[in-house]
Amino acid sequence: MKRLLVWVLCLLLTGCGGKQPADWSAFIPEEEERLVIYTSHPRSVYEPVIKEFEERTGLWVQVETGGTAELLERLEAERDQPVCDLLFGGGADSLTARRELFSPYISPQAEYLDAALCCGDGSWSAFSVVPVVLVYNPVLVRINPPSGWASLLDPVWRGRIAFASPLVSGGSYTALATMKQVLPDEENVLEAFYRNLDGRVLSEISAVVDEVAGAVADGSCTIGVTLESSALEAVEAGLDVALLYPEEGTSVVVDGMAVIAGCTHEANARRFIDFALGEDAQRHLAEKCWRRPVRSGLSPEETEMTILDYDLDRAAAERDAILQQWRELEGQQ
C-alpha cells in the first residue's frame, strides 16, 4: 500500500502543468524502514503475507522472485556485498546445503513450533511443510495410473512426464534426492529418470499441474511431479488433475526462510521471520494456501500418506553432485 501511494504521488507531482519532476529521493523510505526479500514462493503465497507484514510494521519490502536453486546462486554471487536481507522459501535440504550464506537466528516463536521441524543451529527457520507428490490426468490416464517413484522410470511414461529443472526448483531437487534414497540404484536412477523425460524439462515447478491438466488438449505430459500444495489447489479449482502419494513413501520437507549473512537490514529480516511464524500468518497458510503450517495446533487433517524417513543431511551433502550430474545430462542432449 505504501509503495502504491508513493507511485501515485510521483505521478501527480510530475504530470501537472509541465513542472519539473519532484525529487524522488523524498519518497524513498529511510534505510531502517526497508527489507529486501528473495522468494521462490508463488505469488499466491508470498504476496498476502508480505502485504500484511508491511501494513502491521510500516516497513517497505522489495521482492525479487525466482527458483530456489537460482536464488541461492544469486546469493553466492552477491556474498561479498549482499543485496538481499531474507530468503523466503526453499526446501530444508537446499538451505542446509548452503547454510554458510545465512546468519543464524532462532525466533521467539520457535517455542510454538514442532521441534522436529526446526533447524538446530538456527541457520534457517521453518515456514511450512511441503510433501512431494505425483499427479496425473484422470481423463487420459484411466487405467494403470502411476503408483510411485518407480513409475517414473517405466518406459511407458517416456516423454509424458512433467518435471521442472532442479537447477531452478528446490522442490524438484527434493524429488530427485527422494528417488535416489527410495529406489534401488541398480542403474543410475538420475540417468534413467532423465532419459525417461525424453528432453522435456520445465522451467518452473508451478507449470507442472498446468502441463498435466492441459494434456487433454495436446496429449503430452499426462503425469508429473510437484508439491502437494500445487496439486491440492489444482484439484480444488476443478482442473483435470488427480493427486497421489507415492506408495514407497514420500519426503515431507520443511520449506524455510533465512536471514542473509552480512545483510543491511538484519533486524527487519528477523521481524519478518517472527511475523511469518505467528499464529495469523500460519493460520493463513492452512486456510488459504493449501500448505501445512509448522506452528503447533494448526495442522490439517491427516492424509493417507506414507512418510519416508528422508535423510536431510544426505540430501544436503549430495546436492552439488546431483545438480552437476544433471547439468552433464542436459549437456548430452
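At what angle do helix α6 and helix α13 pack, and how far apart are their axes? I noted the basis first. This is a predicted model, where local features need pLDDT of at least 70, side-chain atom pairs count only at pLDDT 80 or more, and totals for chains, interfaces and linings use all residues. Residues are numbered from 1 along each chain as its sequence is written, and side-chain values use heavy atoms, with hydrogens and water left out.

**Entry: α6 and α13.** Helix α6 (residues 189-197) and helix α13 (residues 319-331) pack at about 40 degrees, with axes 11 Å apart. Axes here are lines fitted to C-alpha atoms, for helices over the stretch in contact, and angles run from 0 to 180 degrees between N-to-C directions. Helices (H or I, at least four residues) and strands (E, at least two) are DSSP runs, numbered from the N terminus. I call α6 and α13 oblique to each other because of that angle. The scale is: under 35 degrees roughly parallel, over 145 roughly antiparallel, 65 to 115 roughly perpendicular, the rest oblique. I then listed the contact (heavy atoms within 4.5 Å). From α6 come Leu190, Glu191, Phe193, Tyr194 and Leu197, and from α13 come Ile322, Gln325, Trp326, Leu329 and Glu330. By class I found seven nonpolar, one polar and two charged residues. Ala, Val, Leu, Ile, Met, Phe, Trp, Tyr, Cys and Pro count as nonpolar, Asp, Glu, Lys and Arg as charged, and the others, Gly among them, as polar.

**Entry: α5 and α13.** I looked at α13 again. The axes of helix α5 (residues 170-182) and α13 come within 11 Å and cross at roughly 100 degrees. That is why I logged α5 and α13 as roughly perpendicular. Tyr173, Leu176 and Lys180 of α5 meet Arg319, Ile322, Leu323 and Trp326 of α13. I logged five nonpolar, no polar and two charged residues in the contact of α5 with α13.

**Entry: α2 and α10.** Helix α2 (residues 43-57) packs on helix α10 (residues 266-276) at about 115 degrees, with axes 11 Å apart. So α2 and α10 are also roughly perpendicular to each other. Val49, Ile50, Glu52, Phe53, Arg56 and Thr57 of α2 meet Asn268, Arg271, Phe272 and Phe275 of α10. I logged five nonpolar, two polar and three charged residues in the contact of α2 with α10.

**Entry: strands.** Strands β1 (residues 34-39) and β2 (residues 60-65) pair in the parallel sense over six bridges; pairing needs at least two bridges found by DSSP. Ile37 stands opposite Val63 in β2.
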